[in-house]
Amino acid sequence: MTDTARTARAGVPERPTLDGLEETWARRWQEEGTYAFDRAKQRADVYAIDTPPPTVSGELHMGHVFSYTHTDLVARFQRMRGRTVFYPMGWDDNGLPTERRVQNVYGVRCDPSLPYDPAWVAPAAGVGEAARKDPTPISRRNFVDLCERLTAADERIFEALWRRLGLSVDWSLTYTTIGRVARATSQRAFLRNLARDEAYQAEAPTLWDVGFATAVAQAELEDRERPGAYHRLRFAGPGGREVLIDTTRPELLPACVALVCHPDDERYADLVGASVRTPLFGVRVPVRAHPLADPAKGTGIAMVCTFGDLTDVTWWRELRLDTRVVIGRDGRLLPDAPAGVPAAPYAALAGQSVNGARRTLVEMLADAGDLVGEPRPVSHPVKFYERGDRPLEIVSTRQWYLRNGGRDPGLRDELLARGGELRWVPEHMRHRYDHWVGGLNGDWLVSRQRFFGVPVPVWYRLDDAGEPDWSHPLTPDESALPIDPSSDAPPGFEESQRGRPGGFVGDPDVLDTWATSSLTPQIVGGWETDPDLFARVFPMDLRPQGQEIIRTWLFSSVVRAHLEHGVLPWRDAVLSGWILDPDRKKMSKSKGNVVTPMALLEQHGSDAVRYWAANGKPGMDLAFDPAQIKVGRRLATKLLNASRFALGLGAADALRAPATEPLDRAMLAELSTVVEVATGALEAYDHTAALQAAESFFWRFCDDYIELVKERAYGSGAGAESARAALATALSVQLRLFAPVLPYATEEVWSWWRYGSVHRATWPTTHEVGRSIQGTGEPELLRLAGDALSQVRRAKSERKLSMKAEVPLAEALGPAALLDQLTVIADDLRAAGHIAKLDLLPDRTPELVIACAF
């Protein structure tokens, strides 16, 4: 018996309303533990959901409402099917979005070189533009304190909205990705990866966001179309031959290490193996052949720089070229020329921004006569960090990597096989996973040069000269986790040895936010900290998520579970579509076209908003449509009023009594089919089809069936008892069918006449409905009666008569077999249509016609 089973029946109100239901029932659900996970259940009785932790860096929008409602529909359905649902909520609060929000809100920036100031007081939130442009530097610890303060406030706002929306989350299972448990879990997994040689450190070309001053992983890239210009440069070849190349990045000329052409390009075949000299600098560079060179692009021969783009990195690595780095982490050209490059011409570029250096170098090339013609404007895709606003550069840095199959064909095949084991909804989303895994060209870069994140849990021993030993990192014992190398000393050392020769230094970096979020099943499931719970929930049943993060969250979670546990982290993955604005464009904060949900929830009610969300299928985009929300409110309101009417007829006292009359049996037979359809749809994660089946029947139930039987139900005798019994069964079943979508309205009605919570009630079955039918039911009788009644109503409407106006004579024409069926329900039709006399005229028309005489 659940706590909610003690809830007393409330009785039917005089004027039922949707207003105020959210406050009433959200509080009751929390007080009574309606959605509490029962950890005493065995794994077979558990349905575990790996809920997406939303990023706490601003406001939730209708896209969140859309996808999280879909997850809640699944949770509610599975709970009513008898499973104990493990449904946690997490907050993704570490990483770049939080740091940027803190910087903008408080007008500060983190300077790790500054000492912690316990007396420092944060400015009031909402600083002006001047403070944002000239932020106050504060210590790392002060900055992290601000991040924690702001995210805590944001999380309270997020939770209030989720509660109002009616998410049936067990709030005792809430976690944060920067919390102690998450930090320990993330560090433990990393240390085990390191011990198995799945994590490694390397000095290598790195995609670098200049604005955020951090490395970026391949999965976080996006192409943005940007204007540029092709510049044609003249290189000096052997024997005085000029070699022309086109480039959009002339400022990288001092970083040039080779020219590359296609192996089959006859124009440059004689140059392969020779060398040419760069313009301005006169540096001798080799000409090499590689299949990635495009003979149709530009002049067909390309300048290779270290590093202009990812193709440069590929050529540099595979052709074993020299390294001449000219761009620093701050996005400016380094103060000194790289080895082998003359210092004099380079001095004019040193310290300049990329754009400034480009202008200067183009002028120098033009003056030297090495710029051929005028620059030609072009629009081309440029790599950006998905959250950044400046083009990425490629700089050489030391970073941590996690093996993900990008350089290991065997591991790649294993991860592709994992994708084949996963149930994808919709199925075609599997191709995105396969395409991503198959196209990986490097391992997962998991370190970030930021501050508010999970620290990389290692230190490095310093030699007698104070240089770190990168190849032998010092690691903590798992029992000490979580640790922070910037404030904790490694085993065998004391804090006084930090930064001193013969002592140690902590790794200054933090782990990529996905390196923690990829472990959400382990974090919330109690991996290594609560083995009993972990055995009951892992691997989980469901991963609901956005389609745009298949390559990040979904894939990274598969990688971590495969490496650590040798299994998939969940059985099913359900992917959401996008919310579109009225112009059919994807809603996003960057486009400024998002709609925030709280005002809509307050104006229309949560059930109405949930109804709109439920009309979007997994993987399918849905336009934001306020009119659809209004339809949802009308449905919820009708549910209250129709239930009140049915209960007023005495249905509450007739539950489980048999339906004996033909029309009652017909209605229940059709309802049994609806139950079968809705159940099958929800089992297939097609909540939209389930809602459509229930809603279509509900309106026919209200408009036709109730009208047809209410006169009989008001009376006495076997016919009245049958009507009330059918109404009771239909009401009980439909409340449960609608409960996942309309949790507030259904709970309210349930409380009028039933004990406990509708959300803890069992999901309806065809067997249950069939038990209420004495004999058999013929669904076509309800459709026939509805058709006949609608014709009578139309006749009255055309004459502008009240629906209660009496029809002295009605003639029913149609095939004899059809009229024989109509005879069975003729009494209900006469009562509902206020027909004094009903004549049946067989075989006069090919289909049913009701002719009314007034």
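**Close-up 1. Arg320 sits in the loop between helix 7 (310–318) and helix 8 (343–347).** Helices (H or I, at least four residues) and strands (E, at least two) are DSSP runs, numbered from the N terminus. The model is predicted: local features need pLDDT of at least 70, side-chain atom pairs count only at pLDDT 80 or more, and totals for chains, interfaces and linings use all residues. Residues are numbered from 1 along each chain as its sequence is written, and side-chain values use heavy atoms, with hydrogens and water left out. Arg320 is not a glycine, yet its phi is positive, about 55°. Its relative accessibility is 76%, so Arg320 counts as exposed (over 50% relative accessible area; buried is under 20%, partly exposed in between; 1.4 Å probe, protein chains only).

**Close-up 2. Lys800 occupies the loop between helix 24 (780–798) and strand 27 (809–814).** Lys800, not a glycine, has a positive phi of about 55°. Lys800 is exposed, at 77% relative accessible area. Most residues other than glycine have a negative phi, and most peptide bonds are trans.

**Close-up 3. Three strands form an open, parallel sheet in the order 17-24-23.** Strands pair if DSSP finds at least two bridges between them. Strand 17 (423–425) and strand 23 (540–546) are at the edges, each with a single partner strand, so one side of each lacks a neighbour in the sheet. Strand 17 pairs with strand 24 (residues 570–576) over three bridges. Trp424 stands opposite Ala573 in strand 24.

**Close-up 4. Pro426 lies in the loop between strand 17 and helix 11 (430–438).** The Val425 to Pro426 peptide bond is cis, with omega near -5°.
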